[in-house]
Amino acid sequence: MKVLWLQSGGCGGCSMSLLCAEGPDLISSLELAGIRLLWHPSLSEASAHELVDLLEAIVAGDEPLDILCIEGSLLRGPHKTGRFHVLAGTDVPMIDWVRRLAARARYCVGVGTCAAFGGMTTAGPNPTDACGLQYDGSQMGGALGAGYRSLENLPVVNIAGCPVHPNWVIDTFMLLAEGEMDASALDEFGRPRLYADHLVHHGCPRNEFYEYKASAQEHSQLGCLMEHLGCLGTQAHADCNTRLWNGAGSCIRGGYACINCTAPEFEEPGHAFQYTPKIAGIPVGLPTDMPKAWFVALSSLAKAATPERLRRNAVADHTVVPPGGKAPRGGKI
């Protein structure tokens with residue numbers, strides 16, 4: 001499998017994340033799967049002139065291309081010309097290169113939320129008219145159009161995340177290399193279900209606090225971050241807390257609320273990321289599939305039953321009250 005990786009409008013954070021892959025590392029994983037990088041901006045030694053020759057050979061059909069990976073959003077401005085981002089040495093807008101290459105690719109992959117949906121590059125007034133490969137926010141379309149299909153008759157595979165987990169990319173590559181990824185393996189936004197069928201809430205280390213609605217009031221406190229501090233882990237499609245980053249961490253484990261970075265338009269929540277908007281005291285962003293009435297009833301019961309240990313620990317920056325224990329039958333603690 002031959003992979004071409006190009007960067008468009010973005011920060012390069014997904015490549016940085018990918019280079020941190022562990023157990024096994026990126027290069028070993030690609031070798032085991034029989035995947036060859038034709039070019040990557042951080043890993044390849046080929047000069048700019050050699051890259052342009054490679055791109056022209058792919059467009060002409062002289063060099064096969066199995067996977068086209070795009071990192072970063074596509075810049076359509078100004079006035080739909082794409083000339084805000086011209087590939088150096090070619091005088092051809094990057095968006096035009098991507099369209100030509102995508103027509104020759106067996107699979108087209110958007111790496112990161114910017115490539116998938118537009119992401120952070122589209123935040124605010126979006127002066128560059130940025131978009132994703134096949135989505136413009138949550139709407140189908142984007143740079144390639146809603147009807148785009150690769151040579152294997154798949155839409156763009158959107159490995160969304162800001163940045164992506166390195167293993168989401170590696171696992172997707174391996175499934176494509178084995179011919180094991182078809183339309184049924186993608187969710188409604190084209191995200192691989194290997195991670196998108198999970199919620200960040202699964203495996204969250206604060207789940208005991210969540211169950212009793214014992215909430216943190218300020219950052220650095222141990223309680224649940226959903227009620228007051230903007231956590232969207234109950235809605236975010238990702239396995240961050242069961243497939244840990246670098247084998248150890250996640251945003252929530254680092255004390256930071258989940259901002260649902262795998263979703264289209266996460267960059268414009270309409271409020272500060274670390275704030276939970278409420279109506280009549282009820283969080284606007286409720287857990288996935290939970291009716292509002294259920295949440296109110298369960299929340300009231302849970303708060304009434306909150307153990308003193310959780311109530312006190314939730315608003316502390318360390319464990320104030322450790323778990324108690326029962327004396328074994330006939331013995332003492």
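## Charge

The protein carries 25 positive and 34 negative side chains. The centres of the two sets lie 11 Å apart. Lys and Arg count as positive, Asp and Glu as negative; His and the chain ends are not counted. Each charge is placed at NZ of Lys, CZ of Arg, CG of Asp or CD of Glu.

## Basis

This is a predicted model: local features need pLDDT of at least 70, side-chain atom pairs count only at pLDDT 80 or more, and totals for chains, interfaces and linings use all residues. Residues are numbered from 1 along each chain as its sequence is written, and side-chain values use heavy atoms, with hydrogens and water left out.

## Overall build

The protein has eleven helices and 13 strands (DSSP runs numbered from the N terminus: helices H or I, at least four residues; strands E, at least two). Its C-alpha atoms fill a box of roughly 80 × 45 × 35 Å along the principal axes. Of the 333 residues, 49% are buried (under 20% relative accessible area, 1.4 Å probe, protein chains only).

## His 165

His 165 sits in the loop between β11 (157-159) and α6 (166-177). Is His 165 buried or exposed? His 165 is buried, with a relative accessible area of 1%. Leaving aside neighbours within four places in sequence, His 165 contacts Ser 17, Arg 243, Leu 244 and Trp 245 (contact: heavy atoms within 4.5 Å). Val 86 is 79 residues from His 165 in sequence and 29 Å away in space, C-alpha to C-alpha.

Methods
Buried < 20%, exposed > 50% of the residue type's maximum accessible area, 1.4 Å probe, protein only.
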